[in-house]
Amino acid sequence: MADISADTTANNNLNAQMEPGLRPSLPPPTLETGAVGWLRHNLFSSWVNAILTVLALYILYLIIPPFLAWAVFDATWTVPPLAAGVEDHPPQFADCRANAGACWIFVEARLPQFVYGFYTAEQRWRVDIVFLILAVSIFGLLSERIKRKKELAIFFFAIFPILAFWLLYGGLGLEVVETRLWGGFMLTLILSGIGIVFSLPLGVLLALGRRSDLPVVHMLCVVMIEFVRGVPLITILFMANVMLPFFLPPGVEFNVLLRVLLGVTIFAAAYMAEVVRGGLQALPKGQYEGAMAMGLGYWQMMRLIILPQALRIAIPGIVNNFISLTQDTTLVAIVGLYDFLNIVRAGSRDTNWLGTEIEGYVFCALVYWIFCFAMSRYSMHLERKLHTGHKKR
């Protein structure tokens with residue numbers, strides 16, 4: 001009887017294992033997982049994709065090795081030591097002529113001017129302090145580990161601009177540095193930073209005004225947005241620099257940098273208004289009706305219900321405008337300001353550095369790419385964080 005019971009139990013276990021729902025899972029095919037599976041699904045999923053992949057790899061093979069040889073392996077990174085009996089170096093570029101690679105000593109020699117513009121060496125500590133405070137403030141505002149965001153925001157938007165202007169311009173015990181001496185990466189950061197900070201709230205107001213039921217407000221906002229969007233930024237800068245003084249009372253003068261900042265901010269705000277308006281129109285009508293049913297006024301409804309959702313939807317477009325604004329600051333060269341790109345271009349025209357334009361442009365491209373890529377990555381982080389039902393990664 002014991003043998004019969006044991007056989008019956010073994011048969012039952014075997015039948016249970018043979019049932020489809022209880023069978024052990026088999027490992028996935030090797031060609032469907034890991035690196036091989038990724039390559040198969042993304043690069044070689046069809047014969048057309050396979051041809052395009054091979055063609056792209058061949059193009060990269062033609063571009064990357066020569067570029068690495070020029071930029072890294074055959075490049076001149078430092079000034080060679082003086083030869084015996086030689087008291088001084090010849091013109092700096094002469095040290096690069098023997099090599100076929102890039103002349104990075106041009107960037108090394110001109111880097112202080114690229115960063116600080118025409119500040120003297122004794123005054124550059126003021127710019128360093130502004131950079132340090134700016135970096136710490138932005139980290140505090142963006143980091144989730146830092147608390148007391150309200151106090152940080154008040155300092156960043158109300159106190160820091162006054163402190164930064166005092167440090168950069170001078171007065172009250174500091175030597176005055178005229179704005180015509182501002183330049184380089186510092187000037188680019190000022191133009192893009194002020195444009196970003198002021199264009200967003202101004203763009204929100206223009207977007208709300210364009211959707212307003214008040215005919216005068218609606219018409220004024222439409223005219224301003226369409227006029228600014230209908231002309232290039234060069235035209236706006238030209239008008240701000242040349243035409244604006246004609247509309248001012250006699251004896252009243254605007255600083256050139258202030259005029260450029262005004263033009264850049266208005267230009268960016270017009271484009272920002274359309275991005276925000278797209279976010280407002282993407283919201284269903286029920287959000288507006290629900291807010292009004294709760295008894296909220298217009299500004300309460302916008303501040304608490306509508307704008308938080310609209311701005312969340314418009315994050316990709318907003319950051320795209322910020323990136324475009326950062327890149328468009330190079331156009332201020334037409335009004336005589338030496339932004340980052342313009343001061344690099346001017347440095348390569350020095351008689352000691354003739355022929356180093358490519359090195360300067362590559363260096364500029366790398367710096368712009370780092371900042372623009374950082375903004376795009378943070379935009380993606382915000383999208384993942386604020387998207388409802390999406391797990392934070």
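User: Which residue forms a salt bridge with E144, and how far apart are the closest N and O atoms?

Analyst: A salt bridge is a side-chain nitrogen of Lys or Arg within 4 Å of a carboxyl oxygen of Asp or Glu. Here the partner of E144 is K385, with 3.3 Å between the closest N and O atoms. E144 sits in the loop between α5 (124–142) and α6 (149–169) and K385 in helix α15, so the pair ties together parts that are 241 residues apart in sequence. This is a predicted model, in which local features need pLDDT of at least 70 and side-chain atom pairs count only at pLDDT 80 or more, while totals for chains, interfaces and linings use all residues. Residues are numbered from 1 along each chain as its sequence is written, and side-chain values use heavy atoms, with hydrogens and water left out.

User: Are E144 and K385 buried or exposed, or partly exposed?

Analyst: Buried means under 20% relative accessible area, exposed over 50%, and partly exposed in between (1.4 Å probe, protein chains only). E144, at 36% relative accessibility, counts as partly exposed; K385 does too, at 42%.

User: Where do R229 and E226 lie?

Analyst: Both are in helix α8 (residues 215–229), three residues apart, about one turn of the helix. R229 is partly exposed, with a relative accessible area of 33%, and E226 is partly exposed at 35%. The two residues also belong to a network of salt bridges that links R210, E226, R229, E274 and R277.

User: How many salt bridges does a search of the whole structure find, and what is the secondary structure of the chain?

Analyst: The search finds seven salt bridges. The protein chain has 15 helices and one strand, and 33% of its 393 residues are buried.

User: What share of contacts join residues at least 24 apart?

Analyst: Contact means heavy atoms within 4.5 Å. Among contacts between residues at least 6 apart in sequence, 67% join residues at least 24 apart.

Definitions and conventions:
Helix = DSSP H or I, 4+ residues; strand = E, 2+ residues; numbered from the N terminus.
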